[in-house]
Each structure stands twice: as structure tokens, then as C-alpha cells.
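The following dialogue is meant for a reader who meets this structure for the first time. Each question asks for the grounds of a description, and each reply sets a value against a definition.

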Amino acid sequence: MAAYIIRRLIWTPVLLLIVSFITFALIQFAPGDPVLLKLDQHANPEAVERIRTNMGLNDPIVVQYARYISKAVRGDFGQSIRWQGRTVNELIFKRVPVSAQLSLAALLISVGLGIPIGLFAAVRQGSVWDTIAVSITLVGQSFPVFLTVPVVLWLFALKLGILPTHGWGGFFDTRIILPALVLGIPGVAIITRLTRASTLDVISQDYIRTARSKGLSERIILYRHILRNSIIPVVTTLGFALAGLASGSFIVEFWFGIPGVGLLALESLFNLDYPIIMALTILGTSLFVIANLVVDLAYPFLDPRIRLGGGYIAG
Amino acid sequence: MRGEATEAPIFLETRKSRSYIGLSFKRLLRKKLAVISLAIVSTMYMAGVLAPLVTPYGYDDQDYSVANQGPSFSHPFGTDRLGRDMLTRIVFSLRTTVIITVTSLVAGSLFLGIVLGLISGYFGKLADTIIMRVGEVTSAFPDIFLVLIIVATVKPTVNGWVRTFEDATGIDWIIRLGIVDYTVIAFALTVFSWFGLARLVRGQVLQVRENEYSEAARAIGASTSRILWMHVLPNVISPVIISISAGLAAFAVAEVVLSWMGIGIQPPVPSLGIMIFEGSNLQVLRNDPHLTLFPVLTLTLLLFCFSLLGDGVNDAFNPRAR
């Protein structure tokens, strides 16, 4: 197990280096000369060449990458192209708390609704409630954010007019409700489905029958014996659930006018602001890889039956 | 003599594998929801393929006298702000969906995924390590970030090359028909998607390789490619078929998201993503809801049917699901 953890801990930074190099190389491939963007198009070619050499743009790509990444790990991602004179850092980190709060709210909705519904459906397997829950998960999982956003907006904003639809005021502002709801719905479906499946699995175990025959109350069995065990597979998907929020947040932040990372990414793509795109990709990937590492390493603590190891053999 | 000896087992084995797939397919046809979904998906795909034949207008025919109209007899889904027929544009958008999803599926999952999975599982060692590590790198990017970054960086450059080529040769339809967009997006989706199936196939190969019948085949002198083709492949067909529906849905969504962001398909080539983007504000939702409604409903119907179909296929083809 220790060997497995060590191997993962060594492989993770290597993986991040490779991923960031690929991103860096791809962006070098993109059109748009940073020097010509700074000067005007008809600048003296010799001056342009001199600036290129001074900026290190004539060095081999590996050297440029090493320079970039050594700055990046110290938190310096360079300058934005679109917003002259602003660093990528200040642009991104102003927006991270916004998206983080929105994601947290969405995740709370997913977990807060998904686990109870899944548990409830499984405990009453075969009943009308179970059928309803299963149908809802099927619908919620396959309905894209593209549909849920306009429907929710149309209903709450245009027809009922009870909830605000635009802007941002932090975690404890009513303006977070609709975007978090929309962003959380697919997660509710996924978590309900997972919880239901794993609860059904747990319910049929011998130790549940033992607990019943001991005369424990259903309440204690449900919370202490069933829930604790059925929740494990759900926890492991939370890393992926976070990643799933990413592409949804582009759409939701755009629709609801939320100044988060998703909207910044979208603007950067529109403006071909590659330093920001690169920084966002590297940061997003790091977050994702580390989240999965944490989930994997946390797994044996949640479920002592699991022994890590066996390398990367999956399937 | 030799011909007879090798031909008999071929006959037996193909019959066996066909009958399993055939049985599964029969099971699938008994599921009403799955069959309805399959019919809807097929209709949408056929409409996309036959787009120029089944639509009453051209996708770029502008008619300002009927701009921004709601649904009517002559325009069942209404018209957009340029007076273009929404139904026509949606059907042509489905053509885009068909091209992207089918190309990515065939190239990405079916070809690369299966071949690399077979190689990785069967030969092991260095080939396995390389393929699996490369796959891990491609799956380290969260969600569709890899597709996004490839399309955002590679497409403008390739467009530049093609434009130079067009200027030099006088050809003018490569960019206009969206061929560059299609190619680059399908390429990016292929890079993004091959690993899932490759890993799955590899897992199956590892199981099958140790089985007695593979060993027996090896013992009577069957070649590696024959063992892979006759003994390993039939075992991976079911999981591959199960993965197709979800794969197509994922490709369709990815294309829509990219085009919605403005880096995927470029106008005037129609895409559901572009149409949904044009309907993505409260003003349109309030004044011309049909501009938002119909493209979004089309996408939803497609994804919903893929989801139901996927569940049905899984029940029918997955021996463990029953």
C-alpha cells in the first residue's frame, strides 16, 4: 500500500508536467504573435526580431516551457493579451472564489438531494416512489444544461418572477439559487442513481439481516449500517462530479452573468487570450488530477476492506 | 486437407458469435422504450444525412419579409432574425451532428480504441505501458478541456494553411463547407475518447488471454492475429456495442458545446450549438422563445433517446445486467 501511494505521488507531478507541456506546445502552435500583438502590425522587422530574442521567443520550445513552468509554479502566469497591463493571476484569482462558491452550492444541492432520494428509493424498492425516483434520475441525467437553463429561467423569471436571474452577490445571496440549482441537477441524478444502486447492494448483505435479527431499530440500521456503507462509491465520484461542473459552468455563468472562471475562459476563447487559456487549463487539470488522487487515497480509510495496489490495472 | 481442417472451426465460431449477438439483438427488440428511441435516433440521423432532400428551404436562404416569425404552416419551427427557416436549419444541424459523431466514433472509439486496446492487452510490456500512460495523460484533462484546447489552438492554424492552399489553387469550398471544422473537431474528439474503450478492451483481453480456449488455439499453432480476431474480438463486441450509444451522445454534446462557445463549427454551416447560442439570452427567451426552444428540444430529444437506448442495449447485451 505504501508503495502504491509513493508511486502515485511520484507519477502525479510527472503527469502534470506532461499535461502542461502538451498544453504549452499546442498554444505555441496557435496563430497570433505575442510581439506583433504588442507592437502594431507595421513595426520595424528588426525591432520585432530584437524583442523576440529579448523575450526568449527564439529559444527552443523546451527552454521556453521550462521558463514558463518555473514561473508558473511560483504563481506567475504572465500577462493577459486582451487586458493590457493586467497579469493573468489577478484576472483568474479574482474569479476563483466566485466559481468555487457556485460549485460548492451546486455540489451541496447534488449531494443533499441525491443521497436522501437514492436511499429512500432503494429502501422502498419497487414502490411507486422508487419508480418516480428512477424516472427522474433518467430524465435529469440526460437533459443538458442547455435545456434546464432556459426552462428554469422561463419559469422562475418570466412566468413567476420570484427569483433574480442575473448577477452575483456571493454565497448568501438569492442570485446564487437558480444557477446552483441548474448546475446541480445532473449531479442529483447521478448521485441518486449511484446511492440507490449501492444501497440495494448493501441491503442484501448478511450483516443487515444480522442487525435486524439483533432487534436494532430500523432507524439505526438505516443510518449506521446501510448509509455508511452505501455512501462509499458515491464519495469516489465526487472528483468527477467536480469536473463535470466545469463545462456546465461555462454555460451557466454565461446565461446568469456570473463573473466566474467559466465566463473568463469563455471570454478568453473569444479573444484568443492564450496566456489565460493556458493558465486555466493547467490549473483546472491540476485540480482534477489532485482531486482524484485525494479520492483514491481516501478510499481505504472509508472502506477498510479495500487494499490499494495492483498498479493501474483496471477493467 | 489443410483447407478443410482450418475451415470447419471458422464456420462453428462465426455461427456461435453471431448467434450471441443475434440473441442480444432480439432481446433489445423486445424492449419498447429502446426500440422507440432507436427509431427516433435513426430518423434524426437519416434526416441529417438526407438534409438537402427533406428540407423545403436552403439552410442559408434569407427572407427578411418573414424574419422572427413563430411557427406557421410554411415554417413549422418559425424563422430566425434573418428569416431563415428554423426547421431546415435544425435538420442541417443534425447533418453536422451525424458527421461529427459518426466520424469520431468510427475513428476514435471503434478503430483506435479497439486496436490499441488489443495491442495493449495482448502484447503487454512496453506497448502496454506506453499506450496506458499516453491514455492517462489524455484523460488527465477534466471533462472536455482537451478537446477545447486542441480545437482552440489547432483549428485557426489549419484554417490558415487551407486558406493559403485555396488561394493558390482557386478551390473555394473547403472552408465554406466546414470541412476543416469537421476534421479538426473529429480529430480532437478522437484523441479525447479512444482511451475509455481501449482500457475496456485491454481488460477483456487480459481475461480472455489466460482462458483455456486461447491457450488451446495457441497450442495448435494459431497465429496471434488469428487468436485476436477469432477468440478475443467476439468477447469484446458486447461492451463495445454497449458503449456506442453513450459515446455518440457525448460526441454530440461536445460538438454543441464547442460550437456554442464559438470555437467549433463556424457559420454559415449550421450547428445546434450555434443556434442555441443565438437563443442564449433572456431577450430572445422573452420575445422569440421558438428560437431557443426548437434547437434545445432537438438536442434534448436526441440525448434522451440515446440515454434510453443505451440503457436498453446495456440490458440486452450485458450478461451481468440480467
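The questions and answers below concern a predicted model with chains A and B.

Q: How are residues, chains and ligands labelled, and which features of this predicted model are taken up?
A: Residues are numbered from 1 along each chain as its sequence is written, while chains are lettered from A and ligands numbered from 1 in the order in which they are written. The model is predicted, and local features need pLDDT of at least 70, side-chain atom pairs count only at pLDDT 80 or more, and totals for chains, interfaces and linings use all residues.

Q: How do you know what confidence the predictor places in chain B and in the complex?
A: The term pLDDT denotes the predictor's confidence in each residue, from 0 to 100. The mean for chain B is 83, and 93% of its residues reach 70 or more. For the complex, the predictor gives an ipTM of 0.80 and a pTM of 0.83.

Q: Where in chain B is confidence lowest, and where is it highest?
A: Confidence is lowest in α1(B), at a mean of 59, and highest in helix α2 (residues 32-49) of chain B, at 91. Over residues 1-17 of chain B, pLDDT stays under 50, and the model has two contacts there beyond four places in sequence. Two residues are in contact if their C-beta atoms, placed from the backbone, lie within 7 Å. Where pLDDT is low, the predicted coordinates should not be read in detail.

Q: What makes up the secondary structure of chain A and of chain B?
A: Helices (H or I, at least four residues) and strands (E, at least two) are DSSP runs, numbered from the N terminus. By this rule chain A has 14 helices and zero strands, and chain B has 12 helices and zero strands.

Q: Why is L29(B) called partly exposed?
A: A residue is buried if 20 or more other C-beta atoms lie within 10 Å of its own, exposed if 12 or fewer, and partly exposed in between; C-beta atoms are placed from the backbone. L29(B) has 13 C-beta neighbours inside 10 Å and therefore counts as partly exposed. This residue is found in helix α1 (residues 2-29) of chain B. The C-alpha atoms of L29(B) and G279(B) are separated by 38 Å, and the two residues are 250 apart along the chain.

Q: What share of each chain is buried?
A: Buried residues make up 33% of the 315 residues in chain A and 44% of the 322 residues in chain B. In α13(A), the buried residues are V261(A), G262(A), L263(A), L264(A), A265(A), S268(A) and L269(A).

Q: What makes the residues of the largest nonpolar core a core, and which touch the most other members?
A: A nonpolar core is a set of buried Ala, Val, Leu, Ile, Met, Phe, Trp, Tyr and Cys residues joined through C-beta atoms within 7 Å. The largest has 127 residues, of which V149(A), V147(B), V151(B), A188(B), A254(B) and L258(B) touch the most other members. Helix α12 (residues 289-317) of chain B gives the largest share, 14 residues.

Q: Why is this core said to lie between domain 1 and domain 2 of chain A?
A: Domain 1 (2-91) and domain 2 (96-259) of chain A both give residues to this core, so it lies between them. The domain bounds come from an automatic or database domain assignment. The centres of the two domains, taken over C-alpha atoms, are separated by 39 Å.

Q: How do you know which classes of residue form the side of chain A that touches chain B?
A: The contact takes 41 residues from chain A and 38 residues from chain B. The side of chain A has 31 nonpolar, 10 polar and no charged residues. Here Ala, Val, Leu, Ile, Met, Phe, Trp, Tyr, Cys and Pro count as nonpolar, Asp, Glu, Lys and Arg as charged, and the others, Gly among them, as polar.
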